[in-house]
Structures are given as structure tokens and as C-alpha cells.
Amino acid sequence: MDTVARLFEQTLTGSGWFEQWGCVLAGVRPRREEPDVPEGRTSSEGVDVEFHQIQAPGERACCYGYEFFVTRDQSVEEEVRRLAAFILADDPRKTAELRER
């Protein structure tokens, strides 16, 4: 998960995609299953992406996020390509989940 998250963040940062839409990438983090947490209260292993829209001073920023599941049947590079293709296909504000800040 760490390698996928690191390479995914590098890909997104290097693309300039979020800036094109007036947004800032806040981070890409690995997400692991938590063995002591009951099923249904935790997400499967994957990668979380968070970003926010740039706002004028005094305005509340809109925060967005993605929760991606990572499969173990593909190479790390293929996983990164698959995840990046999803985000880079459209305005990320349309496809991400709007989150409260």
C-alpha cells in the first residue's frame, strides 16, 4: 500500500491536474484493514486521496476525497495507472466525494 500511495501521489502531483481545476492535492495515504475493528466499520485496504478547492480569503474551502481499493493481482505500476486514469479522466470535483471540513 505504501508504494502504491507514494507513486500515485507522485503521478498526481506531476500531472498538474488538480491545479487545472482550481484545486490543491492535500495528500495520498495508504489505508489498511484494521484486524480488531468489526467488519463493516472499516474499509478494505486501499489508497485515500484528499484535495480541496482554492477559495478566496474568508471563504470556506470545499474538501473532496476518494477511497480507492487496491487489488493484489496487478503490479504496483498497473494499479497506479488504473487509479490515475480514473481521476485524470474528468473534473475531479465531479467524481470525488464532497466532505465536510
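Good morning. I begin with Gln53, which has a relative accessible area of 18% and is therefore buried. Buried here means under 20% relative accessible area, exposed means over 50%, and partly exposed lies in between, with a 1.4 Å probe and protein chains only.

Before going further, a word on the source: this is a predicted model, in which local features need pLDDT of at least 70 and side-chain atom pairs count only at pLDDT 80 or more, while totals for chains, interfaces and linings use all residues. Residues are numbered from 1 along each chain as its sequence is written, and side-chain values use heavy atoms, with hydrogens and water left out.

Gln53 belongs to strand S2, residues 46-53. Strands (E, at least two residues) and helices (H or I, at least four) are DSSP runs numbered from the N terminus. Which residues does Gln53 touch, leaving aside those up to four places away in sequence? They are Gly22, Cys23, Ala61, Cys62, Tyr64 and Arg93, where contact means heavy atoms within 4.5 Å. Trp21 is 32 residues from Gln53 in sequence, and their C-alpha atoms are 8.1 Å apart.

Let me now turn to the chain as a whole. The protein chain has four helices and four strands, in the order α-α-β-β-β-α-α-β from the N terminus. Of its 101 residues, 33% count as buried. Among contacts between residues at least 6 apart in sequence, 57% join residues at least 24 apart. The accessible surface is about 6400 Å², and 48% of that belongs to carbon and sulfur atoms; these areas come from the Shrake-Rupley method with a 1.4 Å probe, and for residues only the protein chains shown count as cover.

My last topic is the aromatic rings. A search of the whole structure finds eight aromatic pairs. Rings of Phe, Tyr and Trp (its six-membered ring) pair if their centres lie within 6.5 Å; planes under 30 degrees apart are stacked, over 60 edge-to-face, and the rest tilted. Tyr66 and Phe68 form a stacked pair, 5.2 Å centre to centre with 20 degrees between the planes. Tyr66 is buried at 4% relative accessibility, and Phe68 is buried at 8%. Tyr66 also pairs with Phe86: the centres are 6.0 Å apart and the planes stand at 85 degrees, so this pair is edge-to-face. Because Tyr66 lies in strand S3 (residues 63-69) and Phe86 in helix H3 (residues 76-88), the pair ties together parts that are 20 residues apart in sequence. Phe86 itself is partly exposed, at 43% relative accessibility. Finally, ring pairs link Phe8, Phe18, Phe51, Tyr64, Tyr66, Phe68 and Phe86 into a cluster. Thank you.
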